[in-house]
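Let's go through the labels used for this structure and ask what stands behind each one. Have a look first.

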Amino acid sequence: MSTPTPDQDATIVVSELSAHSATVEWSGDIGLGGAAKFTKIIDNLFGYYMYQKINVIIESPGGQISALDYMLRAVDRWKQRGRNIAVSSNFECASAAALFLAFGQWGERKVDKHTSVTFHSARLDPRTFSEMTALSSSYVARKMVETDANVIANLVLALIKGAGSRQSLARLMLKRAQYIDENWKNLCFKMSSLSYSSSDQKKPAWINEIIELVSTNKDSKKFYIGFCQFLSKRFQLDTRMELFEAYALGLIDEINEVVSDRPLNFEKPIVFIEKEKEVMPNIPRPVSRRKLDSFRESNRPA
Amino acid sequence: MGLSENEYGNDDDESTTAEAIMAEQIVLVKKLNIHQVMIIKKLHSDFVGRNQKTEKIVYENGEITASGNNPLAQRYTLELNKNGSGLIRSGEVTLETRGFSSMRESNEDREMHNALDLFMNLCIKIPGFKKMSTVEPVKRLQLKPVLKAAVAPISYTGNEPSFDFRGSSLLETHDLKPSTLCNALALGATGSGKTVSCVLPLLQALLRYEIDGRKTSILVIDPKAELLDHVKSPLKAAGQIDRLIVLGKCKPIDLFNDNDGLDMPSRFEKIKALCIPIPADGDGARWQQFADDLLKSLLRDDQLFVDYTNLPLLENVAAFIFDKKSLLTQGPWVALNYILKFGMNGTAQLRLIADIYDMLMLFAGLYKLGDRPINRYISSRDNDQFFYNARGALTIVGLVGSKEVNALMNMSVRMGSKPGLTTDIAEAVENGKVIVFQPRANATFDMVGRALKSLFYRSVMERRDMTRPTAYVCDEAQRFISSDTDSGDQTFLDRCRAFRCNVVLATQSIAALQTVISPSGRNSAIIDGILVNCTTKIIFRTPDISTVEMLKAFIPPNPISGMHILTARPPASLKTGEYFYSVQEKFGRTQYQLPKK
């Protein structure tokens with residue numbers, strides 16, 4: 001999965017270094033160089049400056065999945081030591097950047113009301129087309145399907161971990177969807193601004209789809225599989241995702257000045273208390289590093 | 001000790017000589033004041049009574065008579081003033097009726113003093129007077145000091161068990177050992193959380209800590225009265241409440257004992273170091289020297305008196321002046337406190353002290369052996385000098401001689417005093433006890449804290465069982481810091497690792513230590529010594545520049561270019577309970593998470 005211009009370097013700036021918080025602003029593509037730089041920056045902010053939480057503001061059209069993977073592993077290392085990264089975006093957050101947002105610290109993923117958030121399935125770097133053969137294209141297609149499945153499985157697992165359990169995630173999604181359903185007009189009004197009006201929008205279909213997804217899959221195993229399938233379908237549309245939809249699906253936690261869990265008093269405070277014992281269903285195994293490397297190798301332009 | 005009549009029965013020649021000498025002085029002797037007569041009476045009867053002598057001096061109608069063959073049995077006619085005659089008959093007088101409090105320097109007073117002086121000189125010249133003095137030198141109880149054989153310290157090896165923080169971690173590690181912690185210094189402004197987030201968890205871990213079944217002996221100085229409950233409840237829960245000793249609720253502690261190998265002057269120097277943690281310099285040192293000389297002379301005489309009579313001199317002087325028997329049991333420092341303050345009131349008062357003092361020495365037969373430290377000022381007519389010297393002496397005596405101190409600790413420097421029923425800190429250290437002291441906020445209690453610490457340090461270093469872990473935990477440590485070479489913190493901190501002792505000091509800032517130890521900056525090496533030997537440093541919220549500078553010394557600059565962490569996140573911005581730390585070669589910034597209940 002990559003954006004059309006993966007080699008373009010991102011600008012990564014530590015814009016704030018105060019007593020209790022540090023902010024990193026990322027603008028540009030997510031590439032390998034940027035990922036390495038970002039990792040070094042957060043290592044320094046967590047390691048030397050010893051911040052407990054870092055805010056990352058990301059404005060990116062996306063980038064390479066391998067770079068995202070590298071960044072997420074670095075973030076995960078610090079998460080295990082009790083440090084957090086709150087991700088937010090103000091203007092554009094697509095592809096790998098959107099995934100970085102969704103993988104961010106649970107409860108701290110924030111967007112502005114006009115942020116463009118786009119989740120999509122794996123895409124190829126346009127330069128690979130020129131050297132693709134029939135044989136390699138079938139291999140690449142298989143790998144892309146695997147990558148999609150892997151990304152979605154990991155994303156859903158991260159959301160479950162953030163919510164505390166599958167049931168909690170399901171309940172949260174249901175409540176959010178119901179809240180949006182009940183307050184649709186009001187929320188649309190809140191989304192309006194000087195440059196954009198959404199007060200006359202009709203209720204979208206995804207609200208009922210999410211409610212149905214949760215209510216028909218009461219078994220946690222079924223919910224997991226259903227949610228993975230739902231996201232897979234949604235990502236394949238390759239279109240900008242409505243922020244309310246992202247919110248209802250648990251991919252973001254707050255739309256600035258419009259909606260967040262805090263006033264709604266959703267289950268966030270109790271999700272960590274409720275721990276369910278469950279057997280994990282068969283989920284697609286994560287693609288190994290070796291396979292990813294070979295995949296990248298195969299996609300590398302001559 | 002008793003004297004036979006034969007001993008008084010001197011030959012006639014001697015008596016005649018005595019008579020002749022006395023006749024020469026009779027005019028002056030006549031001017032003896034009623035007060036002085038009373039003094040003589042009381043002193044003599046006291047000593048005679050104490051030594052079970054049958055001889056008595058009787059005063060009637062202005063005449064002194066003594067029974068037996070005592071040379072004093074000769075009659076002297078004394079000229080008494082109007083008030084005096086009545087008082088003699090009444091027999092019992094109080095200080096106020098004697099009019100001491102309103103005594104002023106006058107020619108009459110001076111004459112009376114001279115008269116007494118002459119009287120004493122006269123007595124000395126009386127053949128056999130020394131024998132008459134009813135008191136023979138008493139051989140001091142020559143208890144051979146049981147000097148403990150030096151026991152080699154056994155330092156921690158690093159293989160000892162870790163502290164148990166009950167699921168929490170301090171300094172971001174679950175594997176903190178006494179050898180890793182070594183000595184810890186917690187610095188932080190008031191309300192920064194150093195007691196709750198540092199002192200308390202460490203104290204509770206130390207309470208639980210044991211090696212091979214040997215529990216940790218701990219001294220806890222808790223000026224904020226926050227720690228005692230947290231010591232009590234875990235000990236109670238573990239069925240070890242008998243380990244707890246709370247100073248003030250137990251018997252007083254002897255600061256010195258005959259086995260400590262210290263003579264009286266050394267003990268005095270220790271007391272001085274406890275009261276004046278930092279010696280004065282310049283003119284102050286000179287004045288302090290005079291004050292010390294005065295105190296040393298008084299204490300030397302007192303020791304001499306005790307050695308010869310088994311009775312305390314200073315307590316008797318004070319009890320006599322103030323007519324308070326209770327002063328006899330309150331120790332020499334309380335007596336000195338009374339005596340010096342009384343003497344500072346004026347020349348007349350000073351003379352009274354000198355007279356009583358000299359008379360006691362006279363009756364003990366020590367007149368020529370003593371220093372006559374008070375009389376010096378009278379002879380040189382320099383009672384101002386006494387005022388300043390006594391004022392200097394009161395910086396020590398005022399602290400050591402307070403009643404509060406005596407309730408907690410016996411700080412007498414006398415040699416050969418019989419051990420009373422006291423709390424033995426050395427035994428407490430040997431048996432893994434937890435000694436808690438909750439001092440009030442005044443200089444007296446600060447001094448007691450320093451004394452207790454000094455005693456604890458000594459007990460740690462002289463204990464028999466060197467494998468037992470020990471610890472000293474002190475909140476508000478700037479109040480109890482000391483710098484003497486024997487028990488000063490910088491000296492002990494240097495050695496305590498070898499003696500299996502963990503020291504935890506909590507204080508406001510390095511500036512707070514400087515204010516106490518090195519206000520002029522001249523003793524900054526002592527602070528450096530403390531900082532160097534506290535290998536674990538825990539810094540809570542503080543705007544203190546010295547502390548920040550010290551932090552910069554152990555937190556390196558940013559490995560990739562960028563501002564120093566202390567510039568970006570200064571210690572002044574730390575939240576309550578949040579701290580920077582440095583332990584061994586590791587540093588960090590974290591917040592202590594209270595254990596889950």
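Q: What makes β12 and β13 of chain B paired strands?
A: Strands are DSSP runs of E, at least two residues, numbered from the N terminus, and two of them pair if DSSP finds at least two bridges between them. Here 5 bridges join β12 (residues 470-474) to β13 (residues 501-507) of chain B, and the two run parallel. In one of those bridges, Val473(B) has Val504(B) as its partner.

Q: Where did all this come from?
A: This is a predicted model; local features need pLDDT of at least 70, side-chain atom pairs count only at pLDDT 80 or more, while totals for chains, interfaces and linings use all residues. Residues are numbered from 1 along each chain as its sequence is written, with chains lettered from A and ligands numbered from 1 in the order in which they are written.

Q: How do you know that chain B touches chain A?
A: Contact means C-beta atoms, placed from the backbone, within 7 Å. By that rule, 11 residues of chain B are in contact with 8 residues of chain A. On the chain B side, α25 (565-568) and β16 (586-591) give two or more residues each.

Methods. Two residues are in contact if their C-beta atoms, placed from the backbone, lie within 7 Å. Helices (H or I, at least four residues) and strands (E, at least two) are DSSP runs, numbered from the N terminus.
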